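Please look at the sequence and the model before reading on.

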Amino acid sequence: MAVSTTMASLGQNQKPTPITYPKTAKGETVDVYFDTKVSDPYRWLEDDKSAETAAWVIEENKVTYDYLAQIPFRDALKARLEKLWNYEKISAPFKEGNFIYYYKNNGLQNQAVLYRKDAKGKEEVFLDPNTFSKLGTTSLGGVDFSKDGSKVAYSLSEGGSDWRKVILMDVNNFKKLEDTLVDIKFSGVSWKGNEGFYYSSYDKPKGSELSAKTDQHKLYYHKLGTAQKDDQVIFGADQKRRYVGGYVTEDNHYLVITAANSTYGNELYIQDLTKPNSPIVIIVDNFNSDNNIIENEGGKLFIETDLNAPNKRIVSVDVNSPKPENWKDVIPETENVLTPTTGAGYFFANYMKDAVSIIKQYEYSGKLVREIQLPGLGTAAGFGSKKGEKILYYSFTNYITPGTIYSFEPKSGKSAVYDKPKVDFNSEDYVSTQVFYTSKDGTKIPMIITHKKGLKLDGNNPTILYGYGGFNISLTPSFGISNAVWMENGGIYAVANLRGGGEYGKKWHDAGTKMQKQNVFDDFIAAAEYLIAQQYTSPNYLAIRGGSNGGLLVGATMTQRPDLMKVALPAVGVMDMLRYHTFTSGAGWAFDYGTSADSKEMFEYIKGYSPVANVKSGVQYPATLVTTGDHDDRVVPAHSFKFAAELQEKQTGTNPVLIRIDINAGHGAGKSLAATIQEICDIQAFTLYNMGFTTLSIINNP
């Protein structure tokens with residue numbers, strides 16, 4: 001395949017097609033925050049049940065899709081995405097009862113299919129989510145087996161909603177065991193033996209289930225053969241918490257309960273299930289640290305914690321005196337952030353050093369067994385299993401290496417390739433380089449820049465700069481077909497590891513929260529300035545992209561520095577920072593953001609960067625494609641609706657401002673592959689077209 005190192009056919013004289021945006025009605029809503037009046041003219045778009053909002057969505061989508069349809073290489077780009085995506089994908093196998101289970105996608109199936117093999121190696125389909133709905137809008141969530149593997153509880157998401165249904169089935173004859181459980185949210189299923197299980201949910205809200213506030217999570221126990229209305233509340237009825245989880249230890253001895261009011265910091269409880277009516281015992285009684293019981297040997301508990309250890313450690317304690325003052329280090333804190341898993345009777349410590357993985361295997365005593373040699377610099381994940389397993393599995397990937405699954409023998413330390421995907425992408429033609437650039441306040445920020453080898457640094461390379469910067473979430477290297485297509489067309493893909501993430505532990509996270517949130521935007525702006533200064537790209541060829549909290553990042557950056565980029569791509573973003581905490585579970589994000597109700601100082605700080613509040617008339621904003629889903633009940637689409645309406649009203653110049661609203665789609669999880677490919681195609685086509693490209697070199701030089 002002959003591929004040039006840059007895009008072909010720059011259409012610099014291309015005349016933009018005039019766009020007539022739908023007229024968005026303006027209301028007269030005004031809120032008062034600490035004696036300051038703030039108008040909210042598009043408040044009516046928050047009503048996801050109104051006919052007016054539905055009509056607005058239809059009109060906006062028509063304008064957007066009419067615009068996208070005129071891009072000359074859109075169909076060819078989609079065809080290339082489909083071709084590259086069409087390869088078999090297999091997950092690591094796992095054993096439950098008498099069967100070995102694994103997920104497989106033959107290539108372009110909308111959802112991966114769950115298969116199983118019996119002791120004789122006979123393969124059969126166990127669950128095929130592609131049959132759940134005609135349009136592929138119902139997806140398979142968690143799949144949880146009873147302790148002996150004879151029963152399964154699997155959850156379904158309809159239209160991308162976070163609200164789930166749970167179906168119970170006998171694995172041997174595929175018979176449904178009882179009525180479907182409904183209205184379950186932010187929850188797994190954890191079995192107590194084979195007779196019942198624990199799950200969490202909220203009371204169904206009054207008004208719209210897609211946008212109404214939900215802030216009291218409860219842990220329930222469901223006994224098989226009984227009605228859901230009779231399920232027992234185990235925790236959360238009297239102690240109001242926004243997030244509650246419960247899981248049973250592998251030996252079926254203990255119920256572990258976590259409870260939190262925000263996305264950081266949790267209480268920790270334990271209950272002895274071997275003694276009827278045993279009390280729920282408090283281990284941690286505050287929200288000042290993250291704590292999780294990851295293993296037990298009889299009454300000896302092993303806890304992953306960042307208490308007095310910002311980069312995390314593993315401690316042990318006796319269940320009869322489990323308070324933190326009795327904790328003893330098993331794997332002490334190091335300079336690198338720890339994420340542990342357990343498998344085959346060992347701890348596998350996944351350390352993150354500058355956003356890439358180092359894996360060390362430990363005995364439960366804390367003795368180091370070995371450092372596991374990985375195939376290169378990238379992201380390793382896996383190693384988890386039940387105690388008795390003899391073979392474990394892990395995956396390895398980076399920006400130019402498709403995810404490969406390896407088998408691992410914990411006794412010998414031997415690794416072997418289990419499944420290497422056959423992707424039409426030659427990693428040897430590309431290079432990933434990590435750089436460290438300086439942010440506004442002098443902080444060094446890592447960024448990985450990936451592109452085709454031999455790239456000319458002349459400032460003319462189309463570049464996507466991606467970021468997130470929040471909620472202690474780390475952006476680690478991983479391969480993606482969308483990025484592969486972008487790079488084979490001569491594009492650069494750059495990922496900045498901003499403050500607010502978890503790449504360097506709690507201090508790094510805290511440095512991007514509340515009154516320090518501007519650090520995140522400054523880090524992102526500095527990343528763009530670095531790419532421009534080093535002539536990887538220039539403002540005419542730079543796009544910024546991010547989703548959810550990353551959508552906020554894009555919205556804030558483009559309103560603060562509209563001169564810095566040609567294209568902005570905010571996805572499912574938190575755009576109205578003055579009101580985010582009034583929708584669904586948004587109040588739980590206050591650890592990162594603070595709220596406009598906290599204090600006058602916090603209100604003024606948040607208002608100073610809230611994207612919806614900072615779109616100004618007379619400014620030329622970059623070409624913008626806002627993306628969201630009409631069933632997003634995590635970051636409600638009203639955020640994106642209001643931001644797009646503000647931009648369309650106030651935009652100066654000819655750069656288009658469009659919003660693409662997926663129908664029957666949520667925050668992203670479970671979206672059909674066909675819908676995913678179309679969305680990626682539209683995003684890349686919009687980006688390149690607005691950078692002046694009219695054809696693609698990869699497509700013209702097969």
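The model is predicted: local features need pLDDT of at least 70 and side-chain atom pairs count only at pLDDT 80 or more, while totals for chains, interfaces and linings use all residues. Residues are numbered from 1 along each chain as its sequence is written, and side-chain values use heavy atoms, with hydrogens and water left out.

**The chain**

The chain holds 11 helices and 39 strands; helices (H or I, at least four residues) and strands (E, at least two) are DSSP runs, numbered from the N terminus. Its radius of gyration is 25 Å, close to the 27 Å given by the globule rule for 702 residues, so the chain is as compact as a globular protein of that length. That radius is taken over C-alpha atoms, and the rule is 2.2 Å times the number of residues to the power 0.38. Of the 702 residues, 57% count as buried. Buried means under 20% relative accessible area, exposed over 50%, and partly exposed in between (1.4 Å probe, protein chains only).

**Helix H1**

Helix H1 comprises 19 residues, 51–69, and at 1.5 Å a residue it should span 27 Å, which agrees with the 27 Å between its end C-alpha atoms. The expected span is 1.5 Å times one less than the number of residues. Among the buried residues of H1 are Trp56, Val57, Glu60 and Tyr67. Seen down the axis, the buried residues of H1 fall within an arc of 160°, so they line one face of the helix; the arc is that of the directions from the helix axis to the C-beta atoms. On the other side of H1, Ala51, Ile58, Lys62 and Ala69 are exposed.

**Aromatic rings**

The structure holds 45 aromatic pairs. Rings of Phe, Tyr and Trp (its six-membered ring) pair if their centres lie within 6.5 Å; planes under 30 degrees apart count as stacked, over 60 as edge-to-face and the rest as tilted. Two pairs are set out here.

| Pair | Centre to centre | Angle of planes | Class |
|---|---|---|---|
| Tyrosine 580 and tryptophan 589 | 5.9 Å | 5° | stacked |
| Tyrosine 605 and tyrosine 609 | 6.0 Å | 80° | edge-to-face |

Tyrosine 580 and tryptophan 589 are both buried. In the other pair, tyrosine 605 is partly exposed, at 22% relative accessible area, whereas tyrosine 609 is buried, at 2%.
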